[in-house]
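User: Could you walk me through a pocket and some ring pairs here? I'd like the terms spelled out as we go.

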Amino acid sequence: MSLSLDLLRTFLAVHRTGSITAAAQTLGLSQPAVTAQVRALEAALDRPLFDRLPRGVAPTAAADELARRVAGSLDALAEVVGAELPSGRSVHLGGPAEFLCEQVMPVLAPLVADGLRLRTTFGLTDDLLAELAAGRLDLVVATVRPRLRGVRAEPLYDEEFVLVAAPGVTMDAPVVAYAEDLPIIRRYWRTVFGRRATMTAGAIVPDLRGVLAAVRAGAGISVLPAYLCADDLAAGRLVALATPEVPPLNTGYLAVRAGGLAVPAVATVHRHLSEEFRRRLGSGPLAVEPVGEGVELGGHPGQDTAPGQA
């Protein structure tokens, strides 16, 4: 039996995204067109491939088997076509504003100088991963391990956290935080001090760079990623208020849709970031002075942490 490649590509997009809507956005087709192609494939195979749900679709066992058999060949074909017919398309990258600006953009600058078209989106990991699954982003730097069907991820970096203040500011000073619920401070207190953080923030600044500026100016204390405050610590503009034997860490991930690396430009950015941060990990976390193996702060339900903090 001969099947159209278009039907199989559409099927695979629906299988990977778990949604007719998301697959349509990924493929640049209308929802009715995707629905019609899925039904045509089901008719040709004489079996249902998806169960319709209130939100999205769920693959049947037959769909899982078909995806397993065709995914590799379709991805390889897409890679060949992409290499032979450059599209000049932009690579859309999402992630925490602070981490993308401070750590990722310097790594990707040479690629942009060589002609890469890069577009960035800032936001919370859960929202960005939904955009990735829907085909609106190509890559996401995630602060938690992605668990969406059709999204693959690999560890990218470990970041260490430091409790900091301006010289002369003590632990009883006001707290400066990213959000009212003190996400990273709450976890730091539990991990390092073994108790709940019960304080109320003196200032809320929804950007870690703003939190850094406020703490540097003497507004109070906060917990920040070490990569963000390393220069201030080295210069004496900030001091560490705690030196835990096992410093808290968070692992970040580089996420991509299944099959997304078949696009040459996306594969280039993915490879460049992976290689650079793998090299950095060889010398320890993105920290000021790594000490031993850190305590993993871990994931969280509902994305209750700030960008760059998990």
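Analyst: Helices (H or I, at least four residues) and strands (E, at least two) are DSSP runs, numbered from the N terminus. This is a predicted model, in which local features need pLDDT of at least 70, side-chain atom pairs count only at pLDDT 80 or more, and totals for chains, interfaces and linings use all residues. Residues are numbered from 1 along each chain as its sequence is written, and side-chain values use heavy atoms, with hydrogens and water left out.

User: OK, which helix gives the largest share of the lining of the second largest pocket?

Analyst: That is H2, with three residues; helix H2 (20–27) and helix H6 (125–133) each supply at least two. A pocket, on a 1 Å grid over the protein atoms alone, is an open set of points where a 1.4 Å probe fits, with protein on both sides within 12 Å along at least five of seven lines, and lining residues have an atom within 4 Å of a point.

User: And which residues lie nearest its centre?

Analyst: Of the 13 residues that line the second largest pocket, Thr17, Gly18, Ser19, Ala22 and Ala133 lie nearest its centre. By class, the lining has four nonpolar, six polar and three charged residues, where Ala, Val, Leu, Ile, Met, Phe, Trp, Tyr, Cys and Pro count as nonpolar, Asp, Glu, Lys and Arg as charged, and the others, Gly among them, as polar.

User: Switching to rings, how many aromatic pairs are there?

Analyst: The count comes to eight aromatic pairs. Rings of Phe, Tyr and Trp (its six-membered ring) pair if their centres lie within 6.5 Å, and planes under 30 degrees apart count as stacked, over 60 as edge-to-face and the rest as tilted. Phenylalanine 11 and phenylalanine 50 form a tilted pair, because their ring centres are 5.7 Å apart and their planes stand at 45°.

User: What does that pair tie together?

Analyst: Phenylalanine 11 lies in helix H1 (residues 5–17) and phenylalanine 50 in strand E1 (residues 50–52), so the pair ties together parts that are 39 residues apart in sequence.

User: Are those two buried or exposed?

Analyst: Phenylalanine 11 and phenylalanine 50 are both buried, where buried means under 20% relative accessible area, exposed over 50% and partly exposed in between (1.4 Å probe, protein chains only). Tyrosine 188 and tryptophan 189 also make a tilted pair, since their ring centres lie 6.3 Å apart with planes at 55°. Tyrosine 188 is buried at a relative accessible area of 1%, and tryptophan 189 counts as buried at 5%.

User: Which residues do ring pairs link into a cluster?

Analyst: Phe99, Tyr157, Tyr227 and Phe277 are linked that way.
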